[in-house]
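Have the sequence and the 3D view open beside you as you read.

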Amino acid sequence: MAMLSLRIRFVDDGVTKTIQFDPSTPVSEACCQISGKTSSDHLSEYTLFLADEDSKKGIYLEPARNFEYYILRNGDLLEYRKKVRPLKVSTLDGTLKTLMIDDTQPVANLMAVICAKLGITNHDEYSLVREFPEGDENNANAGNSIKRDHKMEHLRKKLKTDEETNWINPGASLREQGIDEKEGVLLKRKFFFSDGNIDLHDPIQLNLLYVETRDAILKGTHPVTENLAIQLAGLQTHIQFGNHDETKHKPPLLDLKEFLPQSYIKNKGIEKKILNEHKKYTDLPELKAKVLYTRTVRALPTYGVTFFLVKEEMKGKNKLVPRILGVTKDSVLRLDERSKEILQNWPLTSVRRWGASPHTFTLDFGDYSDRYYSVQTTEAEQILQLISGYIDIILKKKEAKDHFGIDANEHSTVLEDTVSPLKAIVIESNGQKVKTESVAKPAILRVPQEPTSYTTGYISEEQYTSIEITCTEAISGVLEDLDTTMSEGNNLELEINEQKFSDYRENILRTSKTLVENTKSLVAGVGVSKEQLDDSSKNAVTTVLKLVELVKSGAASLDDREVQIKLITAVKDVASSLGELIKGCFETPSMDELKDKAKVLVTNVTSLLKTVKSVDDERTKYTNVMESTVELIEKDMQRNHNISNYETTTESLIQSAKCIDETTKNMLDIVYKGKPNDVRNAVQESHKSVNELLTACQGKNLNEKVLDAGRQVAEEFKTFLSTILENSKRPSTTTKRVLEEVSQRLSSKVHYLITIVEHIETIEYHLMDSATSIDTAVKKT
């Protein structure tokens, strides 16, 4: 076979040599021959590059391929160059790092390395963004030759949709996209799939999520009420400035555009409201404040939605009108183009096929709908990649579960594996016979292909997780979570909010009623149709998950561990019985068996509601006792404001004062242990002690100074009780500190009273001694 003569340019040295090779020589062996090394270790840094006048079209030769594969001719120029090069990566929190990456790899393959070096584990949910200078329309819209509607552009900017995010194509290398060493990229979360698991144990992702949610609120991506905007601004102020300081933190302090959405900046007195909100978070650690901020934003209905402004056909008219299309981890949404209110929700479970062209995006819901949903958009490819990415994550998760057997655990960290939107199944229409293949191919095979005019994807029935498995696994995960919550030493985290247990009672009742209705639909759906059974199962699971979260939040607002366990156990029984009922419905036993399982579920729901009622009644009774005791002390103080006609021994007064001091210490200990019954009994006893003290201070043998000191003790004790009462209504992490401050002031006033009384006792003793001496002297004369 004739030898192949190639020109090899050594990029590092700038030298070009002509070297002959056997055409069947693998590229890896050729690199060894070029470098003069027998080992292939250098292949991790160097490789051969087939250059082109357009640097984007040049290709790296794969080590396992031979020269024949690339159809090279004598005299062709190859570059022997380093394939590892630096990349500047920034994050939303301002971090900038320069990392060494493999320039031959597509972006999807680089994400694991980039995220690992930045301390991020779930790299499959992140991607890279190409940042252009603001107002650089030409670059930002490069490659998009479709003329955009100016009215739509204006509405798009107003709504803060996601079309303007310039995601780098994960299927191509950085070089193929014209990103050189001088240009930096932004690392950003693209898929909101497991962000709900981010907590204090992952400070890096927590900080990134906080910055992303904060910026989304300030930009107006998520519509919020004024009260919620103030709450979030108060938290942000605490995170940036620390604990509230009356001397430093007063208006004008804040640049409001950095703390509030644009629509609330000019509201009168709003900065004062933010600073008042700031006071509530005293002593709250920064990381916990960020957890609270992100958790609050995640509760918004628009959180986790990627928005696209599209046009859809108006019903009954041949006219296109603006609409927002949203994509989340589990659904496709139609939203109002002005308020972002959700108008229609299609679960991803109902999506069977989707298609994208330069002008349109179409969804096919199979048996779930009798017609396609089609919209006009210039961002069809972005929508396609997003839906494909989410479905790939779901399928990857299912595939991982299938290999675990009976020990499968959906919460296991082993599920955090490489998931790329490139792995979606794609059908290409090119005028020939339709073929099905993966777009995850070696970089070199992508270059010769022309872009397709229409791309579609689908989920086969074999791939898709059954609703029964999905529902039972969801309930299984909830039961594990509840077991962990109840385990010894794993206390529920106290929420810093304005809610007490009674605030949750109504929502728990309403959600329980919904669950009972879902149960009826579930049993009624057996034997009717699979679709009805699937829908009823999903609705029931969604409701029970909401119920579990409500009960957990309500339990967290309490300070009694035994009561918390009681509530968690009750809701666990509800979730467990629902799991059994769903299994029974899909296994199609006799209707009598299903009715028995449904009765067990309804019985457990009733038991939960009784538990909730008893807990709330107990808290109400406790609150009533506290309020009535405070009122009685106030009345005692109003009655006992004058010196009486009877005498009081200093011993009894001192004893009453010491009793108050001891009662305070005992109540502090009881409050910290969280036993409402013990607190109530102690409060009732404390009123008796205060009344005795005030009565003792009225003795005619005492003076106004003693009475005033006694009233000060009673007043401070009333403040002490009021603080305990306020905490029972509005739990706060600062209560312990406030209670200790009040108890210290109370102790000081008690000791002050005792000092006065002991001083009077000393004076009386000396007067009596003097009187005795005078009497003795008189008798002698």
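How many bridges join E1 to strand E5? There are 4 bridges between E1 and E5 (residues 77-82), and the two strands run parallel. One place to look is arginine 9, which stands opposite glutamate 79 in E5.

## Before we go on

This is a predicted model, in which local features need pLDDT of at least 70, side-chain atom pairs count only at pLDDT 80 or more, and totals for chains, interfaces and linings use all residues. Residues are numbered from 1 along each chain as its sequence is written, and side-chain values use heavy atoms, with hydrogens and water left out.

Helices (H or I, at least four residues) and strands (E, at least two) are DSSP runs, numbered from the N terminus. Two strands pair if DSSP finds at least two bridges between them.

## The first sheet

Strands E2-E1-E5-E3-E4, in that order, make up an open sheet of 5 strands with mixed pairing. Its edges are E2 and strand E4 (59-60), each of which pairs on one side only. E1 meets strand E2 (residues 15-21) in the antiparallel sense over 7 bridges, with phenylalanine 10 standing opposite valine 15 in E2. Between these two hairpin strands lie 4 residues, and glycine 14 in the turn has a positive phi of about 75°. E5 also pairs with strand E3 (residues 46-50), here antiparallel and over 5 bridges; leucine 48 stands opposite tyrosine 80 in E5.

Look closely at the side chains of E1 (residues 4-10). Leu4, Leu6, Ile8 and Phe10 point to one face and are buried, where buried means under 20% relative accessible area, exposed over 50%, and partly exposed in between (1.4 Å probe, protein chains only).

Val27, Ala30, Cys31, Cys32 and Ile34 are the buried residues of H1, and their cover includes E1, E2, E3 and E5. After H1 comes glycine 36, with a positive phi near 80°.

Strand E6 (residues 84-91) runs antiparallel to strand E7 (residues 96-102), joined by 7 bridges, and leucine 87 stands opposite leucine 99 in E7. Their hairpin has 4 residues between the strands, including glycine 94 with a positive phi near 95°. E6 is also joined to strand E9 (residues 185-189) by 3 bridges, and these two run parallel. Serine 90 has leucine 186 in E9 as its bridge partner.

Helix H5 (residues 203-219) is mostly covered, with 13 of its 17 residues buried. From first C-alpha to last, H5 reaches 24 Å, close to the 24 Å expected at 1.5 Å a residue; the expected span is 1.5 Å times one less than the number of residues. Just after H5, glycine 220 takes a positive phi of about 90°.

## The nonpolar cores

A nonpolar core is a set of buried Ala, Val, Leu, Ile, Met, Phe, Trp, Tyr and Cys residues joined through side-chain atoms within 4.5 Å. The largest one has 59 residues, of which Leu260, Val332, Phe361, Leu363, Ile387 and Tyr390 touch the most other members. Helix H9 (residues 380-402) gives the most to this core, with 9 residues. This core lies between domain 3 (203-299) and domain 4 (307-402), because both give residues to it; the domain bounds come from an automatic or database domain assignment. A second, separate core of 39 residues includes Cys471, Val571, Leu608 and Val615.

Methods. Contact means heavy atoms within 4.5 Å.
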